[in-house]
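Me: I would like to learn how to read a few local features from a structure. Could you take them one at a time?

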Amino acid sequence: MTRILRLTHEYPFPADRVWQVATDLDHLRRVTERMLAFRDLPSGRIHAGQVLEVEVSLFGRLPYQPYRMTVEALDDAAMWFQSDETGAGVTVWRHRLQVVPTGTGSRIEEQIEIGAGLATPLFLLWARVMYRARHKPRLRLLDTLTNGGADA
């Protein structure tokens, strides 16, 4: 049994800048650091066909567990990617993210298909909380990048 979560977040920043942040692994680490800690996460932008073998820890306090992320497809021109992920109790975690230009900036639209057997509803709740928690740190990061922050 899988379930699908759909989320939308608005950003008062140009779509190309939001896309740059959404596809950068260093930025992923920064916007998830309060919820999820990574080991062995490389630096740089993701690319189609990339396979990431990492370990994850909830809140950086629970034991680290193996997690595999495969970037199945990525289209820079259309600003979307899809990843297939598994590990840490999840058998299906298919994440599609698209950045859409708007009249006032841009919007991230995400669809996450999750399958974890009987624990699927719990993982769905976790995903909702985690992806929403990324929004404010991403806004701060985009503000820093746009307004010339030194450690962008």
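**Reading the features**

Reply: Start with Glu10, which is partly exposed, at a relative accessible area of 43%. Buried means under 20% relative accessible area, exposed over 50%, and partly exposed in between (1.4 Å probe, protein chains only). This is a predicted model, in which local features need pLDDT of at least 70 and side-chain atom pairs count only at pLDDT 80 or more, while totals for chains, interfaces and linings use all residues. Residues are numbered from 1 along each chain as its sequence is written, and side-chain values use heavy atoms, with hydrogens and water left out.

Me: Where is Glu10 found?

Reply: Glu10 belongs to strand 1 (residues 2-11). Helices (H or I, at least four residues) and strands (E, at least two) are DSSP runs, numbered from the N terminus. From Glu10 to Gln20, 10 residues apart along the chain, the C-alpha separation is 15 Å.

Me: How are two packed helices described?

Reply: The description uses the angle between their axes and the distance between the axes. Here helix 2 (residues 25-32) packs with helix 4 (residues 135-146) at an angle of about 130°, and their axes are 8 Å apart. Axes are lines fitted to C-alpha atoms, for helices over the stretch in contact, and angles run from 0 to 180 degrees between N-to-C directions.

Me: Which orientation class do helix 2 and helix 4 fall into?

Reply: Angles under 35 degrees count as roughly parallel, over 145 as roughly antiparallel, 65 to 115 as roughly perpendicular and the rest as oblique. Helix 2 and helix 4 are therefore oblique to each other.

Me: Which residues have a positive phi without being glycine?

Reply: Among them are Asp40, with phi near 65°, and Met79, with phi near 55°. Asp40 sits in the loop between strand 2 (36-39) and strand 3, and Met79 in the loop between strand 4 and strand 5 (80-87).

Me: Is Asp40 buried or exposed, and is Met79 buried or exposed?

Reply: Asp40 counts as exposed, because its relative accessibility is 61%. Met79 counts as buried, because its relative accessibility is 13%.

Me: What about Gly105: buried or exposed?

Reply: Gly105 is buried, with a relative accessible area of 15%, and lies in strand 7 (residues 105-115). Gly105 and Val71 are 34 residues apart in sequence, and their C-alpha atoms are 26 Å apart in space.
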